[in-house]
Amino acid sequence: MNKTLTANIGGSVFNIEENAYHRLDQYIESVRLYFAKEEGTDEIIADIELRMAELFTEKLRDGKQVITLSDTNEVIAVMGEPEEFGTDAEAEGAGPGAAFAKTSRGGKRLFRDPDDQVFFGVCGGVSAYFGWDPVILRVIFVTAFLLFGSGLLLYLLLALIIPKARTTAQKLQMRGEPVTAENISKAVSDSFRDLKDDIKDFGKKNDINEERIKKEGRRVGQFLRKLGNFIANLFRLTGIILAKIIGFAVLAVSLIVVFALAAAFLGWDTAFMIDVNELHSRELLQNISHALFASDTHRSVFIWSLAGLTLIPFILLIFAGIQLLFGISKIPGRPGLALGILWFLSLGAMAVSGVKLYGEFAYEADYQEEIPVNTESDILYINVSDDEDVKYRFKTGLGAGSIFFKGFVTIPGIDSTHIIYRGKNKLTVAEAEKNSPFRPEVMRTSNGHSRKNALDNARNIEIEHRISADTLYIRPYFTLKKGQKIRAQEVTYTVHVPVGKRFELSPGAASVLHDVPNINNMYDADMAGHTWIMTRNGPACETCDNSAAAETDQTDKNDRTL
């Protein structure tokens with residue numbers, strides 16, 4: 001039993017006995033040493049391995065799978081030992097591979113010749129096989145094409161059928177020469193020699209010498225340097241143009257923003273000396289700031305720190321835009337340092353002012369009042385007046401309400417010039433015990449810097465409602481008079497309806513209904529304009545579609561039997 005190895009020979013993989021592998025490896029190394037000083041040693045060894053791979057492939061026919069030592073010796077006998085190279089002695093029958101050597105070395109094979117080709121090398125290959133002059137064969141093909149038209153078709157068919165001689169071994173077979181290591185080396189050396197001769201001939205014909213090569217090299221180097229300088233200058237010019245464009249854009253945008261921020265802080269009428277759509281922004285800013293901040297000092301610190309935080313970065317951008325646009329080397333040190341210090345001071349002042357403003361909302365208080373109702377009726381009408389009933393002009397929103405700063409407001413009992421804030425009320429409905437009276441109540445909620453301050457802020461919320469017989473009238477908004485502080489004020493009306501009694505919501509209630517659960521699963525705003533009955537499971541609509549009405553009747557019957 002012999003150990004086998006896997007070897008890659010000429011790009012083909014073979015299973016080979018271990019002793020055969022060592023013999024083959026020794027042979028390849030000896031050939032490599034022999035041709036070490038020759039030009040194209042690697043090409044010679046590669047062609048020898050390709051030829052040996054062909055011979056080993058012939059050995060593996062008829063189901064044979066492993067290359068043996070005897071197979072290796074026979075292939076080496078065909079290729080020839082290095083010590084036999086350069087001698088004419090070929091002792092036929094002198095060794096175990098003599099018979100295989102005869103069959104492997106003899107005979108020609110037809111290939112297309114890539115070294116003697118005009119188009120595909122068909123004429124060169126056929127001429128080498130038969131020993132003809134390729135010029136005569138080319139004349140025959142051209143004549144056949146011109147006279148009969150069949151020469152081209154025959155040539156193309158032969159180009160498809162006849163393989164191309166790609167390796168040195170195939171070129172030797174094309175000429176009928178023995179494919180031995182020595183012949184392969186000679187063919188490779190001849191090809192290198194021919195290439196050198198062609199290069200020399202080309203140099204002589206075109207007056208190419210070492211001095212001219214150096215001269216042309218210097219010219220190429222000068223051209224490349226000029227090209228590099230041109231490209232560098234082009235990029236530099238492009239960068240300058242882009243810097244100018246960016247600088248102009250930054251400068252223009254920064255100036256616009258700075259001017260707009262200054263106008264916002266000083267007022268549009270101060271900045272532009274005009275009244276923009278009756279929008280007196282300075283008056284608006286004053287009203288908002290007085291209503292938000294605890295004192296004039298607090299307001300001033302916040303506004304000026306906000307101005308510093310927003311304006312200074314854009315002022316620095318203006319310097320940067322000037323620098324890019326006009327090529328100034330750097331921003332002046334002292335103004336830049338001063339602006340930086342001022343920005344950090346503004347940041348600190350903003351932090352202190354923000355903490356102070358947060359403290360103004362630290363506590364929350366509720367002020368609740370019950371609205372007495374004296375009616376024996378089983379239904380309470382809740383009439384919320386539409387916004388159209390009140391003429392007002394509010395210029396900006398703040399949460400659920402609006403900031404007021406100009407006249408044309410008509411609210412009963414309140415001087416229109418004294419209103420600073422208008423907020424929307426909330427209305428909800430809750431269940432009360434059966435057989436108890438209707439019980440509306442209103443809760444005013446506000447924040448403040450202390451519990452007492454929060455309670456005072458809640459009490460100062462202006463609301464309007466009244467009871468007339470079985471109707472509760474509610475205004476949809478609450479107001480704050482000038483001098484009051486905006487502290488997240490809210491007003492919530494809650495109407496407690498006993499089980500089994502009804503209430504009707506006017507269409508105007510759609511704007512104030514908030515979080516009213518009902519068994520019809522209707523949205524709050526959709527409940528307005530309908531009559532409802534209170535059940536144990538919540539309000540049920542009596543004037544909605546038939547399915548809802550049927551459910552309401554059944555629920556009403558169940559409640560009356562309780």
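Arg-487 lies over the face of Phe-361, at 5.2 Å from the ring centre. A charge is said to sit over a ring if NZ of Lys or CZ of Arg is within 6 Å of the ring centre and within 35 degrees of the ring normal. A second case is Arg-466, whose charged end sits over the ring of Tyr-473, 4.0 Å from the centre of that ring. The model is predicted, so local features need pLDDT of at least 70 and side-chain atom pairs count only at pLDDT 80 or more, while totals for chains, interfaces and linings use all residues. Residues are numbered from 1 along each chain as its sequence is written, and side-chain values use heavy atoms, with hydrogens and water left out.

Aromatic rings may also meet one another. A pair of aromatic rings is described by the distance of the centres and the angle of the planes. Rings of Phe, Tyr and Trp (its six-membered ring) pair if their centres lie within 6.5 Å; planes under 30 degrees apart count as stacked, over 60 as edge-to-face and the rest as tilted. By this rule there are 5 aromatic pairs. In one of them, the ring centres of Tyr-129 and Phe-130 are 4.9 Å apart and the planes stand at 85°, so this pair is edge-to-face. Tyr-129 is partly exposed, with a relative accessible area of 29%, and Phe-130 is likewise partly exposed, at 47%. Here buried means under 20% relative accessible area, exposed over 50%, and partly exposed in between (1.4 Å probe, protein chains only). In another pair, Phe-293 and Phe-302 have ring centres 4.8 Å apart and planes at 45°, so the pair is tilted. Both Phe-293 and Phe-302 are buried.

Helices (H or I, at least four residues) and strands (E, at least two) are DSSP runs, numbered from the N terminus. Arg-299 counts as buried because its relative accessibility is 17%. Leaving aside neighbours within four places in sequence, Arg-299 is in contact (heavy atoms within 4.5 Å) with Ser-289, His-290 and Phe-293.

The next topic is the packing of helices. Two packed helices are described by the angle between their axes and the distance between the axes. Helix α6 (residues 134-147) and helix α7 (residues 151-161) pack at an angle of about 130°, with their axes 7 Å apart. That angle makes α6 oblique to α7. Axes are lines fitted to C-alpha atoms, for helices over the stretch in contact, and angles run from 0 to 180 degrees between N-to-C directions. Angles under 35 degrees count as roughly parallel, over 145 as roughly antiparallel, 65 to 115 as roughly perpendicular and the rest as oblique. On the α6 side, Phe-141, Ala-144 and Phe-145 meet Gly-151, Leu-152, Leu-154, Tyr-155 and Leu-158 of α7.

Helix α3 (residues 69-79) has buried residues that include Asp-71, Glu-74 and Ile-76. Just after α3, Gly-80 takes a positive phi of about 95°. Asn-435 has a positive phi of about 70° although it is not a glycine; this residue is found in the loop between β9 (426-432) and β10 (439-448). Asn-435 counts as exposed because its relative accessibility is 71%.
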